[in-house]
Amino acid sequence: MYWRVFWIFCLIFLFKNKEIRAQNATTLESSFQKAINHAPSSLISGLSKSERDLFIKSLNTKYLPQLSLGAQATYQSETTGLDLSFPGISIPRLTKDQYKIQLDASQVLYDGGIIATQKHIKNIVSDQEIAQANVDIEMIREQIIQVYFAILETQSRIEILELKKADLLALQKKMEVGVENGVILKSELKQLLVEQISVGQMQDEIKYIRSNQIQILNQLTNQNLDVNTIFEMPNQVLNNEKASISKPSLTLLELQKNQLSEMRNLDKSLNRPKLSLFAQGGYGKPGLNFLKNEFATYFIGGIKLQWNLSNLYSNSKDNTVNLLQKDKIEVKRKAYLQQLDIKIATQQNEIDRLNAVMPNDLGIIALRSDIKKTAAIQLENGTKTTSDYILKLNDENEAILNHRIHEIQAIKSSYLLQHHIGNYQK
């Protein structure tokens, strides 16, 4: 009965401990997602689409009849009249005060494609804003990679120093016995104590750096992580297909070229003739009959053709400027791809180097460990000094640390490689 209760208690404890661990743990992928959600740039997409939709709806109203209402009252120094007189006929002269209220209406039949081109331009501008936001988010992703792996590296350094402290503490107890028995000099024990203090100082410095990196990660992700948080090691990414390069910066440059093409189309639309219906209706004195000096209603309607030929003067120059601007964008694209190829090659070379080095790490650690154990025995027997042992201990700890750092750097480089290619991990 008691054993059953004991095992139930143990299972509950393990479950709760696992739950608490999960609550205090974080991953690189979750940091990516939280950083993207927290980034101000993530709001640009929704705002830009809403603005674009409203702008296009506003442009569509230009296809509706355009109305304008105007009124005026004037007084002029002279009016039109005929200074003739005939028996029985009186030709009145218009009064110098005249009044008019008029409603003008027009309906576009053909605008040369201006409105349609303006819609295309607005769509491209909106896509550019979204692409620029994605460029900003991409920079944040790279920051997350750098900070997250910096935290993992500092954590490894702290753990290795803990192992070193444990070794020093175990040796201290043995040396204290040796000092009491007169086998080991007290100065050798003091040197060991100094090394322990030095290790503690190094730990404090690294903990400060780690705490600072965690604060940076909190600012990027809007989290409340602390030194007790468990930062899980991500798996190495093995998909390195360069053919699938997809970068927001390249998308942005392509959209800029598209915008230049549409701007050129807009220039062509402005140079085309425009056709529209028009109508005018009004009430005033005089009306359309200037020989009738009284208030009257009037109406005019018709079709109008308008063609602005002055833009043709600079048409060839504008086309040349447009082509030069596209050439500039193409130069920027090539320069960006050149730098991107360098970054990709650098990370791939780093991965290859680390994969070549890491198989030897475990062998070095084993040898360093054996050498340290021998030095510890020699120190206890009085044939080695504390300085000799500390050197061997440092060699072993450096070998262990190098192995851990190599593993972290290999995974970090694989993520940076995917980042530069554009195969973002979700």
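Colleague: Why are helix 6 and helix 7 called roughly antiparallel to each other?

Modeller: This is a predicted model, to begin with. The axes of helix 6 (residues 248-271) and helix 7 (residues 315-380) cross at roughly 175 degrees. The cut-off for roughly antiparallel is over 145. Helix 6 and helix 7 are therefore roughly antiparallel. Their axes also come within 9 Å.

Colleague: Which residues make the contact between helix 6 and helix 7?

Modeller: On helix 6, they include Ser249, Leu250, Leu253, Arg264 and Asn271. On helix 7, Asn315, Asp318, Ile329, Tyr336 and Leu337 are among them. The contact residues divide into six nonpolar, eight polar and seven charged.

Colleague: What makes helix 3 and helix 4 roughly antiparallel?

Modeller: Again, the angle. Helix 3 (residues 44-60) and helix 4 (residues 114-180) have axes that cross at roughly 175 degrees. Over 145 counts as roughly antiparallel, so the label applies to helix 3 and helix 4. These axes come within 9 Å. Helix 3 contributes Ile44, Phe55, Ile56 and Leu59, among others. From helix 4 come residues including Ile115, Lys119, Ile130 and Ala133. By type, the contact of helix 3 with helix 4 has seven nonpolar, six polar and seven charged residues.

Colleague: How do you know that strand 2 and strand 3 pair?

Modeller: Count the bridges. Pairing needs at least two. Strand 2 (residues 66-75) and strand 3 (residues 97-110) have 10, in the antiparallel sense. As one example, serine 68 stands opposite aspartate 104 in strand 3.

Colleague: And what joins strand 3 to strand 5?

Modeller: 11 bridges join strand 3 to strand 5 (residues 274-285), and the two run antiparallel. Two bridges would be enough to call them paired. Tyrosine 99 has lysine 285 of strand 5 as its bridge partner. Lysine 100 stands opposite glycine 284, also in strand 5.

Colleague: Why is serine 276 called buried?

Modeller: Its relative accessible area is 14%. Buried means under 20%, so serine 276 qualifies. Serine 276 is found in strand 5. It touches Gln107, Val108, Leu109, Gly302, Ile303 and Lys304, not counting residues up to four places away in sequence.

Colleague: How do you know that asparagine 397 is buried?

Modeller: Asparagine 397 has a relative accessible area of 7%. The limit is under 20%, so asparagine 397 counts as buried. Its place is in helix 8 (residues 386-421). Leaving aside neighbours within four places in sequence, asparagine 397 is in contact with Ile160, Leu163 and Lys164.

Colleague: How much of the protein do buried residues make up?

Modeller: They make up 32% of the 426 residues. The protein exposes about 26,300 Å², and carbon and sulfur atoms supply 58% of that.

Colleague: How many helices and strands does the secondary structure come to?

Modeller: Eight helices and six strands. From the N terminus on, the elements run α-β-α-α-β-β-α-α-β-α-β-β-α-α. Among contacts between residues at least 6 apart in sequence, 82% join residues at least 24 apart.

Key:
Residues numbered from 1 in each chain as written. Predicted model: local features only at pLDDT ≥ 70, side-chain atom pairs only at ≥ 80, totals over all residues. Heavy atoms only, no water. Helix = DSSP H or I, 4+ residues; strand = E, 2+ residues; numbered from the N terminus. Axes fitted to C-alpha atoms, helices over the stretch in contact; angles between N-to-C directions. Parallel < 35°, antiparallel > 145°, perpendicular 65-115°, else oblique. Contact = heavy atoms within 4.5 Å. Nonpolar A, V, L, I, M, F, W, Y, C, P; charged D, E, K, R; others polar. Buried < 20%, exposed > 50% of the residue type's maximum accessible area, 1.4 Å probe, protein only. Areas by Shrake-Rupley, 256 points an atom, 1.4 Å probe, with all protein chains shown as cover.
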